[in-house]
There are 2 protein chains.
Amino acid sequence: MRDFSHNHRWLSINTATVRKQRGIEQPLTNIIEDCARHGIRAISPWRDQVAAAGLATVSKLIRTHGLALSGYCRGGMFTATDGAGLKAAHDDNLRAVDEACELHATCLVLVVGGLPGALAGHAAHKDIALSRSQVNDGIAALLDYAKAHEMPLAIEPLHPMYAFERACINTLEQALDVCDALNPSGGSALGVAVDVYHTAWDPKLEAQIKRAGKDRLLAFHVCDWLTPTTDLLNDRGMMGDGVIDIPRIRGWMESAGFAGYSEVEIFSSNNWWQKGSSEVLDTCIARHKTSV
Amino acid sequence: MRDFSHNHRWLSINTATVRKQRGIEQPLTNIIEDCARHGIRAISPWRDQVAAAGLATVSKLIRTHGLALSGYCRGGMFTATDGAGLKAAHDDNLRAVDEACELHATCLVLVVGGLPGALAGHAAHKDIALSRSQVNDGIAALLDYAKAHEMPLAIEPLHPMYAFERACINTLEQALDVCDALNPSGGSALGVAVDVYHTAWDPKLEAQIKRAGKDRLLAFHVCDWLTPTTDLLNDRGMMGDGVIDIPRIRGWMESAGFAGYSEVEIFSSNNWWQKGSSEVLDTCIARHKTSV
């Protein structure tokens with residue numbers, strides 16, 4: 001297992017972690033400068049942040065600082081109520097692949113979607129099996145394009161508490177079943193993003209990480225599970241502040257062949273998003289050394 | 001599949017659903033009278049409520065009204081930091097079996113416990129595998145006593161969002177693996193309680209209900225998953241108000257041989273616990289007919 005205690009060579013910052021500073025939304029260009037100033041070598045930006053700053057501007061800034069992208073957040077949201085909605089999702093995902101290529105991302109992360117409308121509080125139906133079927137079809141259709149553009153797709157299983165609203169792929173096993181079905185020959189064209197927040201509860205996690213293997217382990221996201229957790233979405237903890245044994249999980253990842261970045265992805269409306277970026281990034285660097 | 005549309009013969013009320021009325025904690029004796037007045041045939045009371053009212057008093061009142069117990073809530077919480085803690089949990093669980101017998105409960109429901117101390121915000125460690133091992137040992141030790149007293153034990157897999165604080169058994173598959181390991185000959189001595197709130201997200205739910213079969217399907221709990229859910233514990237919805245396809249899951253239960261009660265278990269600090277018991281019970285009866 002790699003020794004992270006001496007430097008932060010393998011730390012990546014998911015830009016959601018500092019998208020709000022002292023409660024205020026920040027432009028991605030500022031976030032990139034903040035990261036570069038802290039000697040951070042990799043980031044994972046969100047599409048809406050890239051769109052707001054301009055793809056060309058972001059692409060240029062990333063190259064200026066020599067930053068790698070441990071992933072691009074995010075494609076997916078494949079589910080819809082009709083053919084037009086499914087096509088719109090597909091078209092949008094093609095653009096996400098193009099952007100990920102332009103930014104030289106390691107992979108395009110897929111948050112696959114739940115029941116259509118549920119995120120807005122108005123689910124169109126209750127048939128989660130139908131959503132799962134649409135997700136399967138959506139990934140299959142996107143995979144051809146992604147393969148042609150050599151952009152790996154990383155299915156991110158989301159915690160089961162998001163099954164209905166955000167992503168109906170909820171375990172690593174389920175994600176790998178999709179990989180087996182749609183890309184049976186293996187390889188890295190279709191793999192997974194393992195986020196400890198979403199998966200640490202899973203009694204099958206170690207076995208499924210082993211099953212995934214080096215080729216399909218495309219990303220590793222870290223933060224911590226707080227007890228108590230006061231908000232279902234925006235109360236993630238800094239590594240070391242919660243109950244997840246992150247080094248153990250990273251050990252499983254590395255035993256399976258993963259040698260990429262540990263990407264910090266924290267949504268925290270009442271804590272980290274209320275602080276300045278230097279405090280947040282300094283803490284990420286410190287905890288990367290002690291608690292990842 | 002049984003037709004529930006004409007009456008509420010198979011409705012049971014988990015007494016947590018009306019434990020607070022207009023925001024005020026109610027004595028179990030009142031709750032029992034409320035249920036009896038509404039023609040409800042079965043309840044599932046909580047141990048703390050029984051203790052507060054007195055076991056003998058509750059037992060007598062239940063018999064007076066001819067109420068069945070679809071379950072007794074709850075044994076479990078097997079995890080601890082030392083031998084004394086493990087023994088205290090075991091001893092307490094023996095008493096829970098005794099009480100369940102006195103009340104002629106169908107089963108004793110087990111909420112197995114998470115990381116010791118985590119529920120109070122001070123987890124003693126981060127080793128969920130250790131907790132799972134303690135749970136396994138705790139159920140094994142309790143099973144002998146429960147068998148001798150002919151009280152079935154129903155492992156309730158809790159939603160993965162409760163893995164660290166309340167119960168480290170989080171899928172039906174995991175619960176059934178424990179059943180297979182500890183009671184390989186099958187039968188109803190060790191089985192499961194299937195709660196739609198905890199399990200509806202699970203892509204393997206249908207298959208695992210089938211695997212469980214009639215003997216091990218000891219209880220069926222219903223409520224609904226609201227979108228958005230505003231509290232991790234106390235924001236459960238009334239059947240029909242959320243996104244769970246409850247009739248589909250009941251169909252799977254009945255196809256596997258289950259023919260017991262549909263037990264309504266709702267924790268709802270901002271909604272149902274703020275109403276009077278008649279409104280809540282009338283709604284449970286109505287929704288039992290239309291949405292279960």
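**Close-up views of the predicted model**

**View 1. A:Glu150 is exposed, with a relative accessible area of 70%.** The model shown here and in the following views is predicted. A:Glu150 is located in the loop that runs between α5 (128–148) and β8 (153–155) of chain A. Although A:Glu150 is not a glycine, its phi is positive, at about 55°. Most residues other than glycine have a negative phi.

**View 2. B:Arg22 also has a positive phi, near 50°, in a residue other than glycine.** The residue belongs to the loop between β2 (20–21) and β3 (24–25) of chain B. Is B:Arg22 buried or exposed? With a relative accessibility of 62%, B:Arg22 counts as exposed.

**View 3. Two cis peptide bonds are shown in chain A, from A:Cys73 to A:Arg74 and from A:Thr227 to A:Pro228.** Most peptide bonds are trans. For the bond that joins A:Cys73 to A:Arg74, omega is near 0°. A:Arg74 is part of strand β6 (residues 72–76) of chain A. For the bond that joins A:Thr227 to A:Pro228, omega is near -5°. A:Pro228 is placed in the loop between β10 (217–222) and α9 (246–255) of chain A.

**View 4. In chain B, an open sheet is formed by nine strands with parallel pairing.** The strand order is β5-β4-β1-β11-β10-β9-β8-β7-β6 (chain B). At the edges are β5 (68–69) and β6 (72–76) of chain B, each of which pairs on one side only. Helix α6 (residues 172–182) of chain B packs on the sheet and touches β8 (153–155) and β9 of chain B. The direction of helix α6 makes about 170° with that of β9(B).

**View 5. Strands β9 (residues 190–195) and β10 (residues 217–222) of chain B pair in the parallel sense over four bridges.** Within this pairing, B:Val194 stands opposite B:Phe220 in β10(B). Helix α9 (residues 246–255) of chain B lies across β9, β10 and β11 (262–264) of chain B. Helix α9 runs at about 175° to β10(B).

**View 6. One of the 13 aromatic pairs that the structure holds over all chains is formed by B:Trp10 and B:Tyr261.** The two rings are tilted, with 55° between the planes and 5.0 Å centre to centre. Because B:Trp10 lies in the segment before β1 (11–14) of chain B and B:Tyr261 in the loop between α9 and β11 of chain B, the pair ties together parts that are 251 residues apart in sequence. B:Trp10 is partly exposed, at 25% relative accessible area, whereas B:Tyr261 has 13% relative accessibility and counts as buried.

**View 7. A:Trp46, A:Phe267 and A:Trp273 are linked into a cluster by ring pairs.** Over the face of A:Phe267 lies A:Arg236, at 4.1 Å from the ring centre. Elsewhere in chain A, A:Arg2 lies over the face of A:Trp10, at 5.0 Å from the ring centre.

Key. Residues are numbered from 1 along each chain as its sequence is written. Chains are lettered from A and ligands numbered from 1 in the order in which they are written. This is a predicted model: local features need pLDDT of at least 70, side-chain atom pairs count only at pLDDT 80 or more; totals for chains, interfaces and linings use all residues. Side-chain values use heavy atoms; hydrogens and water are left out. Two strands pair if DSSP finds at least two bridges between them. Helices (H or I, at least four residues) and strands (E, at least two) are DSSP runs, numbered from the N terminus. Contact means heavy atoms within 4.5 Å. Axes are lines fitted to C-alpha atoms, for helices over the stretch in contact, and angles run from 0 to 180 degrees between N-to-C directions. Rings of Phe, Tyr and Trp (its six-membered ring) pair if their centres lie within 6.5 Å; planes under 30 degrees apart count as stacked, over 60 as edge-to-face and the rest as tilted. Buried means under 20% relative accessible area, exposed over 50%, partly exposed in between (1.4 Å probe, protein chains only). A charge sits over a ring if NZ of Lys or CZ of Arg is within 6 Å of the ring centre and within 35 degrees of the ring normal.
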